[in-house]
Amino acid sequence: MTENTQQGPARGPQDSTPALPTTYAPAEVEGALYERWVERGYFEADAKSDKPPYTIVIPPPNVTGSLHLGHAFEHTLIDALTRRKRMQGYETLWQPGMDHAGIATQNVVERELGKEGKSRHDMGREAFVERVWQWKNESGGQISGQMRRLGDGVAWSRERFTFDEGLSKSVQTIFKRLYDDELIYRAERIINWCPRCLTAISDIEVEYEEDDGELVSIRYGEGADSVVVATTRAETMLGDTAVAVHPDDERYRHLVGRTIKLPLTERSIPIVADSHVDPEFGTGAVKVTPAHDPNDFEIGQRHGLPAITVMDEHAVITTHGPFQGLDRFEARSAIVAALRAEGRIVSEVRPYRHSVGHCSRCKTTIEPRLSMQWWVKVAPLAKAAGDAVRDGRVTIHPQEMEKRYFDWVDNMHDWCISRQLWWGHRVPVWYGPNGEQICLGPDDEPPAGEGWTQDPDVLDTWFSSALWPFSTLGWPEPTESLAKFYPNSVMLTGYDILFFWVVRMMMFGLYAMDGQVPFGTIALHGMVRDQFGKKMSKSFGNAVNPLDWMDKYGSDALRFTLARGANPGVDVPIGEDWVQGSRNFANKIWNATRFALMNGATVAGPLPAPEQLSATDRWILSRLNSVVAEVDAYYDDFQFARLSDTLFHFAWDEVFDWYVELSKTTFTGGGEAARVSGRVLGEVLDVVLRLLHPVIPFVTETLWTTLTGAESVVIADWPADSGFRDPAAEAEIAEVQRVVTEVRRFRSDQGLQPGQRVPARLTLGGTLLAPHEEAIRQLLRLQPAAEDFHATATLPVAGATVELDLSGAIDVVAERKRLAKDLAAAEKEKDQAERKLGNEGFLAKAPEQVVAGIRTRLAAAESDIARITAQLAALPQG
RNA sequence: GGGCGUGUAGCUCAGCGGUAGAGCGCCGCCCUUACAAGGCGGAUGUCGGCGGUUCGAAACCGUCCACGCCCA
């Protein structure tokens, strides 16, 4: 029972509350409901509260983004978790905010500038950054309005942005600490360079794809001293500084240590032996371009080779007369043509499929580039991140995902954190006129004097996102919020960003918060796919705007569909038909509640003791409590699909179908029995609506407040299993369901219309069915047997007999067919059971209850066979 | 190339050792006074193939085939 339940005499809702509209129209009311929740501050979190904390931070969406189905999915799940915890009495914080999305945002604003015929270089860094802020304030963050549509119960007063003042201070603080601990360093290495975004990106921002390229074999040197090398990137030969062969390769042993002339140039390059060369690939000899290939860079390091950069940041050739000014792909053809003219092309394979890296942001082919960048030395941080999961301080759901996590943290490369952008946290390092390099904390003044300049690069957006679980709470200040809400309870996000984000939060959380994990649980969800299980993409044309479906079917319908598809870590397909189905469910709840209210459903007064209840009432209450327990267990295990499905079937099939139908005669009968059932129905609805609220908050709010007259289901108590179970009542109702189903099948086989009244005589004496005669008659449209009653069909069911008078209209053929089919099924069942019971191994080794179960089945099958055989014999010939 | 995963009803997916399930779709009947966004009834599967373990396999093991994802 809820704290809002009002004591006192029963009152119909008509007395004090407006009747529900006859039509369920979600789009018209959802917005107002949400605004009221926000105004009343239900979603705000109080750091001074003495309730236990429950914290989830939003995986911050890009400031450039708008709500897509992936967000809708993730937010539905987080909202369900936090709404339930709030109802359970936790001080619940769902922390909202966005990230500044360095590359994406800069791209957006640069495109705008482009339309005005300007570039960011025309306006300068400071003015450009100001312009981006202006864009952010005017056009950014559309998603927060859309989150309201969805019903997200976030603490809006705490909304944060990775680039706001406080979070920027967090970034600078941790940078300085890592720098001082020598976990951040600067080094010249080969990095992944995007010649379109004009910045370095980290390894995980590179997407590899099979592309059609070409494999060209080129002869270097002359005559007997020549070697043939194969390459897919002929244009880089201008930067070759060696040819490498395997040290054990007999074919080339005589050449190692000698030099060879590099075609098209005046340079001679050495032939070196390196055990990393694969003698099986191509000719076994490879060209070495240390400035344009990561593997070649390593060979170069091992052999002290120079690294010659032959392209600029746009990937345009900068050297060698005829090729200068060509971009890399033009240069490739030109160089192959030039080599062919010299007779140096030994073979060409075209197309040659091979794996090529692309910028995850703009799909441009990555150009490995030698450059000076900032790095995080991840080894000690990743070790700690791995250990936290290994020793159980952090658990991953579903558990199978742990392996992927370990594979990643245990083999992580240093993280390139500098980006050649203007929009982002600038590296807080200054260089002095005499080669000084100092790192500034947030409270330090930049060095005075001539000749000091700040590093021009900014930090990877993930660097600031990694601080999100604590920077949003005020870190590095020792705030009350930080004390109350850190560590977070759960990190719920997609498995696709386990490496991008989760690992980084783990590393930085453990480091910044003195070994305290950022969250106790990582719950991973899958990706939203279309109704055929295909990945959604704009280019494929199957992307859906969730707002359209929310307009059409209501936010609850979208949410329920997503929750119902959410198996842990598994992709969830979604189609419009399914959203429509969820809308139908909401509509069903709506109408069932209307019906209940019209029939005196109430939460007023104490629930009558079991002795005062009918078996039907005890049955539904018994089931209700089982469902409460099941749903709770599913919630604790992030089984959104199962809890949604459980509630769907319990509400629709059991409450709104069987219970309501079985109780109709009670309600029409009036009196004390009707009053008692009204109270039970009120109780069941109250609990079901509260159980459903976290998943479908809007429709449940309207119905629950109407039913109870209380303020809001958002702040209602979460239902608890009272422990009440009544197996006898459950068995009794199962018998009722069985007889009703059997007779309905008979009626249907006989071609009777569903509403057609048929005279019948029920012999129920001594069976569990006896108290339910009225309800059974009602459900089966059976009229009392009159004087001239003449049974033309006799159905023995569950120890009782139902005789019908179809006035000779019985369809013997249909009935014989039906019975023959049932007989065959029963005989098959009997066969299987007998075979098992005749198996000594089974009897000896199977658990007792399984054997008993088979015995029961055998008995049931035998009685079915007897019953059906009798029915067949009783049928008129014909 | 390495790793992970998936193949169950027309579609999308649960089930993961003890009678094959759901939603949607399909067929038939019905506007039965909460709901046609509904009700009643029905059909539909050698649980990818082949071996093995087991009293018993959709489930466990091996293998093959077909897809997917991640990493190189």
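Predicted model: local features only at pLDDT ≥ 70, side-chain atom pairs only at ≥ 80, totals over all residues.
Local features were required to have pLDDT of at least 70 and side-chain atom pairs pLDDT 80 or more, whereas totals for chains, interfaces and linings use all residues. Residues are numbered from 1 along each chain as its sequence is written, and side-chain values use heavy atoms, with hydrogens and water left out.

An unreviewed UniProt entry places the feature "domain: Aminoacyl-tRNA synthetase class Ia" at residues 33–439 and 452–570; such annotations may be inferred rather than shown by experiment, and their positions are given here in the numbering of the model. Residues 33–439 are 32% helix and 25% strand, with end C-alpha atoms 50 Å apart, while residues 452–570 are 40% helix and 17% strand, with end C-alpha atoms 53 Å apart (helices, H or I of at least four residues, and strands, E of at least two, are DSSP runs numbered from the N terminus).

Leaving aside residues up to four places away in sequence, Met 507 touches Val 378, Leu 381, Ala 382, Ala 385, Met 412 and Trp 415 (contact means heavy atoms within 4.5 Å).

Zero disulfides are present, a disulfide being a pair of cysteine sulfur atoms within 2.5 Å. Cys 194 counts as buried because its relative accessibility is 0%, and Cys 359 counts as buried at 1% (buried means under 20% relative accessible area, exposed over 50% and partly exposed in between, with a 1.4 Å probe and protein chains only).

How values were computed
Chains lettered and ligands numbered in written order.
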